[in-house]
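Please look over the sequence and the structure before reading the points.

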Amino acid sequence: MALRLRQPRNAEEYKAALGGIGHYFGGGWSAEDAERFGQLLPFERTTAVLDGDSIIAGPGAFPFELSIPGGTLPCAGVTVVGVHPTHRRQGILGRMMRAQLTEVRECGEPIAALWASEETIYGRFGYGLAAQDVMVKASRVHAAMHPAVPAKVGTTRLVDHDEALKVFPRIYDRVRKTTPGFISRSKAWWELRKLDDRPERRRGAGELNRVLLEIDGKPAGYALYRIKVEFENATNKSHVEVIEAIGDSGVAVRELWRYLLGIDWVDSIVCELLPADHPLFLLVQRPNRLDWKVFDGLWLRLVDLPTALSARSVTSDGRITFEVTADPIFPDNVGTWTVEDGVARRSSRRADLRLDVQALACAYLGGFALADLARAGRVEEVARGGITRADALYHVAAKPWCPEIF
């Protein structure tokens with residue numbers, strides 16, 4: 001089988017490349033769908049895999065900035081990875097993922113990130129689980145605010161699309177600057193992904209509601225949600241589907257959830273994308289009735305290891321030395337690296353700890369401590385106290401969080 005990998009040459013090829021994953025979601029990509037998606041995922045960041053004249057697979061990568069502890073880095077947001085079932089188990093996925101990561105490095109993006117449709121796939125290409133995701137589903141009866149929570153502050157009001165497009169991105173970007181795992185969003189991204197209220201985006205729920213929280217007269221948070229109306233034997237079983245709730249302070253987050261949990265004439269509230277340390281668990285009287293479920297969230301790949309390590313902030317002037325034992329794609333990432341004065345350099349020093357590039361990616365955003373990985377057998381301590389020193393250097397105040405699947 002002679003395969004060719006190249007960029008799509010026209011809109012029809014672009015749509016066919018998206019069909020590699022689209023097949024598994026029921027297909028149905030229209031020319032209009034592809035044109036809209038092309039405003040977010042450029043042709044040049046998409047690969048068409050051809051068997052003869054037929055496109056049978058394709059990955060893509062959004063050009064993002066990803067927030068990391070201490071700043072942001074250019075990041076390839078890997079997406080639409082799929083191979084038609086006619087060509088499964090023939091090594092095609094491995095070939096196109098390796099080609100994509102090589103292209104990511106050539107584009108000057110030191111990291112790549114994705115949401116894994118199957119958790120067993122991406123580790124073999126060097127991706128590590130870097131952030132967890134929490135889903136909650138609670139009845140309004142069991143989601144009452146804890147009596148120790150302070151009294152309400154601020155005001156909320158529903159706004160239209162135009163005001164949301166003007167105000168919400170500013171709030172988001174304030175939070176993005178301090179929250180590892182957040183991705184940058186263009187105006188087109190807001191219009192086509194977050195504030196799009198076409199009927200096909202509703203999935204059986206109602207219209208998109210956009211609520212703005214103001215504290216002391218200034219925008220401090222927002223929430224996007226829909227209400228799905230359902231009745232069972234004349235009993236209201238409707239629920240609130242929270243798409244996103246972002247506050248620029250702990251107070252703002254608390255007040256947004258006070259509003260969401262207080263919506264009348266619904267039976268329950270559902271939210272699928274919260275960070276593992278979200279304060280909601282401590283805001284309600286009965287946290288065990290939140291149906292709090294933890295899943296894998298963002299996966300990360302260190303493509304250019306020294307650049308990524310040098311960009312990542314540390315808490316002090318200490319020094320740590322990693323021995324990176326394996327990288328399935330980039331052998332030049334393997335070796336001993338000392339991080340000192342904010343710079344990662346090749347080193348002949350004795351390593352403090354030993355791990356592969358996947359484990360290092362798990363710890364990079366602060367989602368998992370190196371001590372956690374060591375207890376799982378994923379990191380080996382070489383020098384006494386090495387893991388404790390490394391975790392102290394790479395400590396983060398809050399868990400990383402990516403608030404949307406891409």
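The model is predicted. The protein holds 11 helices and 21 strands. Its radius of gyration is 23 Å, close to the 22 Å that the globule rule gives for 406 residues, so the protein is as compact as a globular protein of that length.

**Overall form**
- The C-alpha trace spans about 65 × 60 × 40 Å along the principal axes of the protein.
- Of the contacts in the protein with a separation of 6 or more, 71% are between residues 24 or more positions apart.

- Buried residues make up 52% of the 406 residues, where buried means under 20% relative accessible area.

- Strands of a sheet pair through backbone hydrogen bonds, in either a parallel or an antiparallel way.
- An open sheet is formed by seven strands in the order 1-2-3-4-5-16-6, with mixed pairing.
- Strand 1 (3-6) and strand 6 (128-129) are at the edges and each has a single partner strand, so one side of each is left without a neighbour in the sheet.
- Strand 3 (residues 54-68) pairs with strand 4 (residues 71-83) in the antiparallel sense, over 11 bridges.
- Gly58 has Gly82 in strand 4 as its bridge partner.

Terms used. Residues numbered from 1 in each chain as written. Predicted model: local features only at pLDDT ≥ 70, side-chain atom pairs only at ≥ 80, totals over all residues. Heavy atoms only, no water. Helix = DSSP H or I, 4+ residues; strand = E, 2+ residues; numbered from the N terminus. Rg over C-alpha atoms; globule rule 2.2 N^0.38 Å. Buried < 20%, exposed > 50% of the residue type's maximum accessible area, 1.4 Å probe, protein only. Contact = heavy atoms within 4.5 Å. Pairing = 2+ DSSP bridges.
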